[in-house]
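Hi there,

Here is the structure I promised to pass on. Have a look at it first, and then read on for my notes.

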Amino acid sequence: MLLYFLISCLSFLFLSKSLSLPPWASETKTLLSFYLSKNLFFTNNTLHPTTKPDLASPVPLDHMSILDLPDLALDRILDLLPPSGLSSMAMVCSSLRERCVSDHLWEKHLMNKWGKIIGPAAHREWKCYLSSSCCLDSPRHYQTGHHPLGFDTIISCLRSISSVLRDDNRERKALPVDSTMSFYMSLETGRFWFPAQVYNRENGHVGFMLSCYDAELSYDTLTDTFQARYPPHGRRAVAIEKGVTWERLRAAPLEASPHQLHVSESLNELKPGDHIEIQWRRNKEFPYGWWYGIVGHLESCDGDLNHCHCHLSETVALEFNQYTVGSRWRRTMISKRDHREEGNEEDGFYGGIRKLSCKEEIAMWTRLWPSSNLE
């Protein structure tokens, strides 16, 4: 009965010309229409070879099943479905469930939505999460909530997932807790907190402009934003920020703890005009953040590129032009030789340097530039 209802709904969705359909629906409609017409023509010619097929006659739905589609056509349809559609389709029968929970289908959705902010650290954290006592066994893992695609969509999707994740052995065999589908839904529901980095932390606090700090993030489907939980700064309590938008997030570019000094590998390549990120912390109890800057000219150089020899010096001038001229934060000098953390309790401590070659990374910092210079 459920299968008959599903096919009826699909037929109405694909054949109705009055509805505004998503892009994947038109392709699915073409595949289904081709298969049904081909199947009808073959059946009529087999039973009545001297009679032309009546293409206006409806296909008897009680004799058809979506599983009667060729594997290639069915796989193409499933590949076009959004996550909520895959989740609903997985409820139809065990055969479809086995197809709909396949990692290769969900890996595409995982990369499309989460790929830019999920890095190796998040994947490692997920494996640790799976082995912990608060893993997917809890029914609270799939909580209902709102979603930008609509309340009904997320409710349907989460109910479908809950059904797929029932505790009997047959269901668990179809969907291991370490599947890509489980990972996707753990992120979508906000239950799994994952590590990433946040630009201009604490909602653009003036003390963090043009910086990027490590945090643990949880997604909020209601607002399509994140909650960020920052590591404590010294004896200060953990800072929590709500409403963090997608464009302020990135996966950590380096595999390092925020308390670990990055060993710079490109110091000798730096020359005036290069874009960089440098580690900085207020004191040695604080974690490092990454701060954006540009390599400047030495005071002994007139800035003429035809006669500039700054790149040959053992000292690098770093400029942070978001600060006003004369500010103690606008310029600092770093030694290339045997570079390690440099600074003091008054001006903070400067750590490792990353040279930025990716235009997308540089453009991100440019978009975050403050409207006025900082003191």
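Let me begin with Phe226, which counts as buried because its relative accessibility is 1%. Please keep in mind throughout that this is a predicted model.

Phe226 belongs to strand E3 (residues 225-230), while Trp246 sits in the loop between strand E4 (239-244) and strand E5 (249-250), so the pair ties together parts that are 20 residues apart in sequence.

**A stacked pair**

What is the arrangement of the aromatic pair formed by Tyr292 and Trp365? This pair is stacked, at 5.6 Å centre to centre and with 15 degrees between the planes. Tyr292 comes from strand E7 (residues 289-296) and Trp365 from helix H12 (residues 359-367), so this contact ties together parts that are 73 residues apart in sequence. Tyr292 counts as buried at 4% relative accessibility, and Trp365 is buried too, with a relative accessible area of 0%.

Strand E7 deserves a moment of your time, as seven of its eight residues are buried. Here is how E7 pairs with other strands:

- Strand E2 (residues 211-220) runs antiparallel to E7 and is joined to it by two bridges; Ser211 stands opposite Trp291 in E7.
- Strand E6 (residues 275-281) is also antiparallel to E7, with six bridges between them; the bridge partner of Gln279 in E7 is Trp290.
- Strand E8 (residues 315-319) is joined to E7 by three bridges, again antiparallel; Val295 has Leu318 as its bridge partner in E8.

**Charges over rings**

The charged end of Arg229 sits over the ring of Trp193, 3.8 Å from the ring centre. Arg201 lies over the face of Tyr230, at 4.0 Å from the centre of that ring.

**Helix H10**

How many of the ten residues of helix H10 (residues 180-189) are buried? Ten of the ten are, so the helix is largely enclosed by the rest of the structure. The buried residues of H10 include Phe183, Tyr184 and Glu188. Just after H10, Gly190 takes a positive phi of about 80 degrees.

**The chain as a whole**

Stepping back, the secondary structure comes to twelve helices and eleven strands. Of the 375 residues in the chain, 43% are buried. Among contacts between residues at least 6 apart in sequence, 61% join residues at least 24 apart. The accessible surface of the chain comes to about 20800 Å², and 55% of this belongs to carbon and sulfur atoms.

If you open the model today, you could start with the stacked rings of Tyr292 and Trp365, and then follow E7 to its antiparallel neighbour E6.

Best wishes

Definitions and conventions: Residues are numbered from 1 along each chain as its sequence is written. This is a predicted model: local features need pLDDT of at least 70, side-chain atom pairs count only at pLDDT 80 or more; totals for chains, interfaces and linings use all residues. Side-chain values use heavy atoms; hydrogens and water are left out. Helices (H or I, at least four residues) and strands (E, at least two) are DSSP runs, numbered from the N terminus. Buried means under 20% relative accessible area, exposed over 50%, partly exposed in between (1.4 Å probe, protein chains only). Rings of Phe, Tyr and Trp (its six-membered ring) pair if their centres lie within 6.5 Å; planes under 30 degrees apart count as stacked, over 60 as edge-to-face and the rest as tilted. A charge sits over a ring if NZ of Lys or CZ of Arg is within 6 Å of the ring centre and within 35 degrees of the ring normal. Contact means heavy atoms within 4.5 Å. Accessible areas come from the Shrake-Rupley method with a 1.4 Å probe; for residues, only the protein chains shown count as cover. Two strands pair if DSSP finds at least two bridges between them.
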